[in-house]
Amino acid sequence: MPSSRLLASFALALLPLGSQPREVRLEPVQPELFAATGSLVNAFADVDRDGDADLFVGFNGPANRLYRNDRGAFVEIGAAAGVADSRGTRAAAFGDWDADGDPDLLVGFAPGPAPVLRLYRNDDGKFTDASASAGLKVDSGAVRQLAWIDYDADDDLDLFVAFRDRANRLYANDRGRLTNVAEEIGLADTRRSVGASWADLDADGDLDLVVANMDGDANGVYRNDAGRFTDVAASLGLEWGGRAARDPSNGTVRPCIADVDGNGRWDLIFANYGPSGLSLQDPAGRFSDAGTARGLGVDGRYDTCATADFDNDGALDIYLNGTVTQGRNWPDYLYRNAGAHFEDVIPASLSGIAADHGAFWADVDRDGALDLALTGQGPHALLRNVLADSVARRSIQVRVLDKRGHATRAGAEVRVYESGTRRLVGMRLVDSGSGYDAQSDLPVHVGVGAVKLVDVEVAWPAAGTRRVVTKSRVRVRGVVLLELRI
């Protein structure tokens, strides 16, 4: 396990597309504050609505923490905010459950004497248990991924819960009351589920669901047809995600949904026990396995994939987090997107961190560059991505809200074009589950390379339609946050 001194500063050399070699540094943020070990979960949201990314970290027994971000400086306020549970915590997700304009927090615990789900209502940065008023009581179960999404497009956030030991659940939200409807709509999957994420995979105007399953179980890809779901993973060739079929030692932990090759369609990345996977979607909606060809299909034990354009060159990069199990720290990979293939550019000092669960990119200091948060058996590191100002400012951030300006439109699509053209610069998904042990209610980040003026298009898949709003001629300055309602 590396010491704070070892983590004090490390660098890696990168060659961004269309530019000269330069150095990019990842430096620990307040390593003494983030020194506690045994964390599993991280989740980002602006809990106090001051414009900064605050960070919740869930631990495997020690008290959970909430780090308030004050313009890049963090203060731990978990107890004061009311979320410092001293229980094994396996999942967390922020979402505006009560539609009052601030992100509430759902926490999933390991089985014990108390219910395994707790819903906290956020009132000006103070959290109170609202589980009873929401009708949410789950006494037992191996909770894994949580996702707040408006699957039925009725303008409130519904809740999906993946379980590793029982049927998955989908709670419909009716004015704050949550009712499990998974059985009647086709989502009560009893396989050993771990990760989950939502997107309009087939571009038909509603949110579909990708579920990652472990212990040799096939993955699920649930097509949404007017609110009823059908598993089409086998017909799309996505049931194994690059890992060995029906091998009980293999499984998928986290599915990441992103436009990896820049063609405007959603692709799938699979963090597996086994070789990691990449399935690219062509314009006709067909998926093809490209993990090995693109350099990602390395056999290992991965708990997390996290996508980001961390060097702001306009190409989406991938972080793969190896697990720590049976005394072995499986390696992490930081894959830079070089176009036709990925190059592992992780430095030895970063790969030595015993991080094995949550991984998420977020711009914590508002400089335009994405920083990296990790949880695991080692310190739950927060690493600042140090880019030159001119490079960090080659990005924009877009927050997508409902028409009232309240809940984030999870599953909405953000496309950024070079202004006046249809040349796609970048495409991002508003967080709809992330996958496993990580989640965010933050704006999306798009690196734009050398482009200085962009048009932004947001599409919201809603009950068989695709609502679209646009904002033209947005000047790229790196610290600009564009807010769009749809």
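Predicted model: local features only at pLDDT ≥ 70, side-chain atom pairs only at ≥ 80, totals over all residues.
**A pocket, a hairpin and a buried alanine**

The second largest pocket has a volume of about 330 Å³. Lining this pocket are 22 residues, and those closest to its centre are G262, G314, A315, L424 and V425.

Strand β34, which covers residues 424–429, supplies the largest share of the lining of the second largest pocket, namely five residues. Sorted by class, the lining of this pocket consists of ten nonpolar, six polar and six charged residues.

Strand β9 covers residues 117–123 and strand β10 covers residues 126–129. These two strands run in the antiparallel sense where they pair, and four bridges join them. D123 has K126 of β10 standing opposite. Between the strands of this hairpin there are two residues, and D124 takes a positive phi near 55°.

The last stop is A172, which lies in strand β13, made up of residues 169–174. Is A172 buried or exposed? The relative accessible area of A172 is 15%. Buried means under 20% relative accessible area, so A172 counts as buried.

Which residues does A172 touch, if its neighbours within four places in sequence are left aside? A172 is then in contact with D158, R177, L178, T179 and V181. A distance can also be given from A172 to G264, a residue 92 residues apart from A172 along the chain. The C-alpha atoms of A172 and G264 are separated by 30 Å.

Notes: Residues numbered from 1 in each chain as written. Heavy atoms only, no water. Pairing = 2+ DSSP bridges. 1 Å grid on protein atoms, 1.4 Å probe; cavity = no way out; pocket = protein on both sides within 12 Å on 5 of 7 lines; lining within 4 Å. Points joined across faces, edges and corners; volume = space filled by probe spheres on them. Nonpolar A, V, L, I, M, F, W, Y, C, P; charged D, E, K, R; others polar. Buried < 20%, exposed > 50% of the residue type's maximum accessible area, 1.4 Å probe, protein only. Contact = heavy atoms within 4.5 Å.
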